[in-house]
Amino acid sequence: MEKISVEKTASRGIAVAKVYKYLEPDLSPSAGIIADSETETEIQKFAQAKADVTKELEALAAENEIFAAHLEIAGDFALQDGVEAKIKDDHKNVQLAMQNTVEEFAALFEVMEDEYMRERAADVRDIGKRFMAKLKGITLPDLGGIQEETIVVARDLFPSDTVKINPQLVKGILTEEGGVTSHVSILAKSMNIPILVGVTGILAKLEDGMPVCMDAGKGVIVADPDDATLAEYEAAKEAYEKECERLKSLRGKPAVTKGGKRVYLCANVGNAEGIRNALPMNIDGVGLFRSEFLYMENTHFPTEEEQFEVYKEAAQLIPQELTIRTLDIGGDKSLSYFEFEQEENPFLGWRAIRISLDMKDMFKTQLRAILRASAFGHIRIMFPMIISLEELRQAKEITKECMAELAAEQVEYDKNIEMGMMMETPASVLLAEEFAKEADFFSIGTNDLTQYLLAVDRGNKKIADRYDYFHPAVLKGIEQIIRAGHKEGIKVGMCGEMAGDAKAVPKLLELGLDEFSMSAGSVDYVREQVLEFPG
């Protein structure tokens, strides 16, 4: 018997089952330099593989929106141009050209500080895996063929693997690589499958058919447990399942404290699929729609029409409230089709609202799309990274320009649309009273706010212990923001990680927070904290 601990977790649940090792075939490219006469043949091989992969992804995209983004990447001209250039100019065979191009694309995401965006590199590699299997004539293994209860153990899993899983049979997932915000983690959690990722060396420690216990919440794995440990985990699993059912039974209740205060529980999402996953939690709306994903998972600045369709679908899915944050790129978020200048301190550099105000035409394209979509639901506009009243006024003025244009074109939009701002900089805390007079709402972004107030890089592992949103300075900043907002009668929400931390909820309620926006998996736990709060 061996006990293995995992430091970082973002899932809950207990599983007891036998190991199923998911081992991928060798998809390494056959290296080789080709002659000029072979160039056209290799390009034709790529064209056939692209047609086959596109057909597969079209079928998957019809069932799951994650694969719509995969389909777009597979058809990306930049991908095609990269592969063909390596065949024509570098005289590489198609397999080597494909691998090199995929790694270049993935590298764009991997250098980003934002963990969610770093995990998009796995999506690019998932597409590369499909291409390589077609080019090599290999049939990929299928997790849909599992016939008994198992805990799947793999080096890594891609969305195309996970989507085939039967949650009645796959009781848990363990991977050596991957992150807690990967699409695989998101998919697993949406299917209520406990998952632990980044478990170094787990493939070597476990054998096929070996019994395993795992507690995803505590980050514990027990390999080859004895009878007493098995019995202990079976009992814990039963207790956990009862607790989940109890929490589910609370979903029908509005989030009202014992003192009678109505609190709003919302979800943070990046697309319509995220809204669909959150709806069963009986959310009160979307407190943060990350519009940057529409830009980052694209091959060009999305057009007004492309954005309109996305925002419209989202608004129709969640009529209560859809808060769309305007483009928040720069810092740790880059675009494959736009070159940012190198900056010594990118988190303090040209990012978020600064980019939007400087690139006014691009900003107006997004605002027009949001305004048009506001005719189909309750949309709010939220501006990120504001540090001055001038910035807020300028953003609002550009929005009003777009309103005037649409009115002249006789296009419907919500004439009373709310315009609020992220509270995520020290300047926004110090000027909260002034901002509250001109913003329709506040949303506290604790991820950046904590980083900036404490001067602690949240991506630096050496000082990770100093990144603490319970720090007195952060709590005082939050209190000041809430007090200023309430003084002017505006709603104050929070969309950072702190909002989904059940341990933080009592303190935030004590401070008077009105809205908690979080990942869907945290809603049940936060609701219970709200219902139990005495104030």
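Of the contacts in the chain with a separation of 6 or more, 67% are between residues 24 or more positions apart. The model is predicted. Its chain has 535 residues, of which 53% count as buried. The secondary structure comes to 22 helices and 15 strands. The radius of gyration is 24 Å, close to the 24 Å that the globule rule gives for 535 residues, so the chain is as compact as a globular protein of that length. Along the principal axes, the C-alpha trace spans about 70 × 65 × 45 Å.

**Barrel**

- Eight strands close into a barrel, in the order β8-β9-β10-β11-β12-β13-β14-β15, and their pairing is parallel.
- From one strand to the next, the twist averages 25°.

**Helix pair α13 and α15**

- The axes of α13 and α15 (residues 360-373) come within 8 Å and cross at roughly 35°.
- The crossing of α13 past α15 is right-handed.
- On the α13 side, the contact is made by Glu-304, Glu-305, Gln-307, Phe-308, Tyr-311, Lys-312 and Ala-315.

**Phe-338**

- Phe-338 lies in the loop between β10 and α14 (353-358).
- The relative accessibility of Phe-338 is 24%, so this residue counts as partly exposed, the range between the buried limit of under 20% and the exposed limit of over 50%.
- Not counting residues up to four places away in sequence, Phe-338 touches Phe-301, Trp-350 and Met-359.
- Phe-301 is 37 residues from Phe-338 in sequence, while the C-alpha to C-alpha distance between Phe-338 and Phe-301 is 8.7 Å.

Technical notes: Residues are numbered from 1 along each chain as its sequence is written. This is a predicted model: local features need pLDDT of at least 70, side-chain atom pairs count only at pLDDT 80 or more; totals for chains, interfaces and linings use all residues. Side-chain values use heavy atoms; hydrogens and water are left out. Two strands pair if DSSP finds at least two bridges between them. Helices (H or I, at least four residues) and strands (E, at least two) are DSSP runs, numbered from the N terminus. Axes are lines fitted to C-alpha atoms, for helices over the stretch in contact, and angles run from 0 to 180 degrees between N-to-C directions. A crossing is left-handed if the near helix is turned anticlockwise from the far one by less than a right angle, and right-handed if clockwise. Contact means heavy atoms within 4.5 Å. The radius of gyration is taken over C-alpha atoms; the globule rule is 2.2 Å times the number of residues to the power 0.38. Buried means under 20% relative accessible area, exposed over 50%, partly exposed in between (1.4 Å probe, protein chains only).
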